[in-house]
Amino acid sequence: MGVPLSYYIGLAVVLFTIGAIGVATRRNMLVVLMSLEIMMNSVNLVFISFARFRGDVGAHGIVFVVIAVAAAEVAVGLAIAIQIFKHNRSVNVDEADKLKY
Amino acid sequence: MNDIVLLSPIWLSALTGLLVMLIDVLAARDQRPGYLGYVTATGMVVSGALALFLWRHGAALTSPFLKGVFSFGPYTLFFGLIVLMMAAASLIIAPDYLRQQDADQGEFYVLAAFSASGMLVFVAATDLVAVFLGLETMSLSIYAMTASNPRSAVGAEAGMKYFVLGGLASSFLLLGTAFLYGITGSTNIVDIGNYFMVNPPLGAAILPSFAMALVIIGLGFKIAAVPFHFWTPDVYQGAPTPVTVWMAGAVKAAGFAVFGRLLLTMFHANTFMHIAFNYKLVVLALALLTMTYGNLVGIVQTDVKRILAYSSIAHAGYILLGVYAVGTSGLLDSSVGFYLLTYAVATIASFGVVTLMGGSMNEDTSLDRFAGFGRRHPLLGLLLTISLLSLAGIPPFAGFAGKFYLFKDVLQSNVQYNLPVVIFALVNFPQITGLNSGVGCIKRPICCVIFTHLMLDVTLLRLRSNGLNSLHLKHFLQPLSSNLSGNLGP
C-alpha cells in the first residue's frame, strides 16, 4: 500500500472535526445539514480504509447502509428546515429562539 | 421456530404503520378517520403480546446471519415490552390532543409505528450496525413527529434542535462503531467484547478509549445525560405532548437498554480496568452531574413540561448510577430495570395529564395555569399528584421502591466509593423537582413529605447491609421467562 492507513484515518478525523465544528458554530440550517453530511461521510472513509487494511469487504456494505441513512436524514432535515423557514422567513438557527428559560 | 415468525413484533409494528398509511390515503379527504391512533395503539399491543408469547418460550433465531444481529433473551423482552407499553400509552392519549390542536394527521401515527419498530430493532440489536439502523429509524421518525404540527413555531424549532443534536449524536456513535470495527474487525458486540477479553487494552490505549468515549457520547445524547442534555428541555417543551411522552418514556428506556448492553458487553469491566480511561468512573461522573443538574435547574423552571424534562434528566442520573454499580453479572441482575419501569409508568401518567390539559389550554403549560388544578379536576389532580410523588420517590409510591432498591444495589455492590455516592444521591433532593410542579395542586403536605423523605433516607442508610429481598429484574422475569440461566448474554 502506498499511503499508510494512519493518513486515511487522520484525514477522516480531520473531516469529522470540521463537520462537528460546523454543526456547532454555523448559523444557517442548510450549512448545519451539510456539516452533518461531512461527519457521516468521514465515518464512511474510516470504514472503507479499515476494510481495505483488513482485506474485508463487509464494511463496504456498512458504508452503503450509512449512505442510505444519511440520505433519509437529509430528507427529514430539509423538511424541518422548510418548516423553520415558513415560521421565521429564514433558516437562521439563531432566529429560532422561542424556547428558552 | 421460523425466524420470520420470531421477528414478527418488529415487522408487525412497521406493518401497522403501512396499514395506517393505507387507511389514511383511502379515506375521503374531508372526513379524516378519527380512529387511526387507536389502530396504531392496537398494533403496538399486539406486537407486545406477540413478543411476550414468542420470546418467553426461549425460541432462538436459527439463521446464522440473524443470530449475530438480534438477541431475544429476557433482557430484550423486558425492555421491548416497556417500549411497546409506552408507545401504546402515548398513542392512546395522542388523538384527542392532536384534534384539539387541529393537527390530527394520519402521518403522525405512521411515523409513530415506524419509530416503535425502529426502537425494537434498537433494543434487540447485538450488532453495532443494527444498533445504528434502529437508532436512526427511531430518531428520524421522532424528529418528524416533533415538528409535525405545521402551525406550531415552537414545534418546528424543537424539531430542528432535536434533529441537529440527534444527528450529531448518531455521527459520534457511528464513528465509535467504525473505530471498534477497525480495532477488532467486527461490528458484533459479543465479538468485540471477546476480542478485548483476549487482547486487553493496556496503558493509554488511545484507540479503544477514543471509541468508547464516542459510544458513550453518542448514547449519552439519547438518554439525555449531562453534559449532553441541552436539547432536552427545549425539545420536551416544544414537541406535541404525546411526542414528549414518547421521548421521555420509550426513547429513554430503549436508550438505557442499549447503553447498558453495549457498555457491559463490549467494554467488560475486568478487561478495561487497567487503562487510563476507566469507563466506570466516566459513568459515575455522568451520573452525579446529571442528577445534580437535573434537580437543581428543575427548581427554577416555570413550565410544567420543562420541569418534567428536568425531572427526566435527573432520573437519567439515578439510572446511570445503577449502571455504574452493575457488576459483571450484567444489567439483568440489577434493579435498574425496575427503576426504569416505575419511572416509565409515572412519566406516562404525569405527561398524560399534562397532555389532557395542554390541548384545551392552548398549549400553555406554565405552572400558573395549574394553580387550583386539583379543585377543578379532582381525579386528574390526584393522578398528577400521585405520579409526581412517585417520580420524586416518596413512599408509598412505586418510585420510592425503585429508588430504594437502586440505592441498596449500589451500596451492596463492590464498586468504588459506593457509600459517599449514595449519600450524595440522597441529599440531592430527588423530590424537589417533582414537588415543585406539585405546588399548584397541593401546598400544605409538602413540608411533612420532605420530612418523611429525609427520615426514610436515614433509615435506608441504616438498612444498607440488611438482607432484604431485592427487586432484581431476574425475580421479575422469573414468571415471564423459562430459561434464565444466562445473564445479560446475547
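## Salt bridges, helix packing and a buried methionine

B:Asp234 and B:Lys161 are joined by a salt bridge in which the closest N and O atoms lie 2.9 Å apart. The structure described here is a predicted model. B:Asp234 belongs to helix α11 (residues 232-238) of chain B and B:Lys161 to helix α8 of chain B, so this pair ties together parts that are 73 residues apart in sequence. Both B:Asp234 and B:Lys161 are buried.

B:Lys161 has a further partner, B:Glu157, and the closest N and O atoms of that salt bridge are 2.9 Å apart. B:Glu157 and B:Lys161 are four residues apart in helix α8 (residues 153-184) of chain B, which means that about one helical turn separates them. Because its relative accessibility is 1%, B:Glu157 counts as buried; the cut-off for this class is under 20%. Through shared partners, salt bridges connect B:Glu157, B:Lys161, B:Asp234 and B:Arg306 into one network.

Over all chains, the structure holds five salt bridges. Another of them links the side chains of B:Asp96 and B:Arg99, at 3.2 Å from N to O. These two residues both lie in helix α5 of chain B, where they are three residues apart, about one turn of the helix. B:Asp96 has a relative accessibility of 38% and therefore counts as partly exposed. B:Arg99, at 40% relative accessibility, is likewise classed as partly exposed.

| B:Asp234 | B:Lys161 | 2.9 Å |

Two packed helices are described by the angle between their axes and the distance between the axes. For helix α5 (residues 74-100) of chain B and helix α12 (residues 241-266) of chain B, the angle is about 170° and the axes are 8 Å apart. The angle makes α5(B) roughly antiparallel to α12(B), because angles over 145 degrees fall into that class. On the side of α5(B), the residues in contact include B:Phe79, B:Ile82, B:Val83, B:Met86 and B:Leu91. On the side of α12(B), B:Val245, B:Trp246, B:Ala250, B:Phe256 and B:Arg261 are among them. The residues of this contact comprise 18 nonpolar, five polar and one charged.

Chain A is described next. Its secondary structure consists of three helices and zero strands, and the order of elements from the N terminus is α-α-α. Of the 101 residues in chain A, 43% are buried. Among contacts in chain A with a separation of 6 or more, 57% are between residues 24 or more positions apart.

A:Met39 is located in helix α2 (residues 29-54) of chain A. Its relative accessibility is 0%, and A:Met39 therefore counts as buried. When neighbours within four places in sequence are set aside, A:Met39 is in contact with A:Phe16, A:Gly19, A:Ala20 and A:Val23 in chain A, and with B:Leu168 and B:Ser171 in chain B. A:Met39 and A:Val14 are 25 residues apart in sequence, while their C-alpha atoms are 9.7 Å apart in space.

Methods
Residues are numbered from 1 along each chain as its sequence is written. Chains are lettered from A and ligands numbered from 1 in the order in which they are written. This is a predicted model: local features need pLDDT of at least 70, side-chain atom pairs count only at pLDDT 80 or more; totals for chains, interfaces and linings use all residues. Side-chain values use heavy atoms; hydrogens and water are left out. Axes are lines fitted to C-alpha atoms, for helices over the stretch in contact, and angles run from 0 to 180 degrees between N-to-C directions. Angles under 35 degrees count as roughly parallel, over 145 as roughly antiparallel, 65 to 115 as roughly perpendicular and the rest as oblique. Contact means heavy atoms within 4.5 Å. Ala, Val, Leu, Ile, Met, Phe, Trp, Tyr, Cys and Pro count as nonpolar, Asp, Glu, Lys and Arg as charged, and the others, Gly among them, as polar. A salt bridge is a side-chain nitrogen of Lys or Arg within 4 Å of a carboxyl oxygen of Asp or Glu. Buried means under 20% relative accessible area, exposed over 50%, partly exposed in between (1.4 Å probe, protein chains only).
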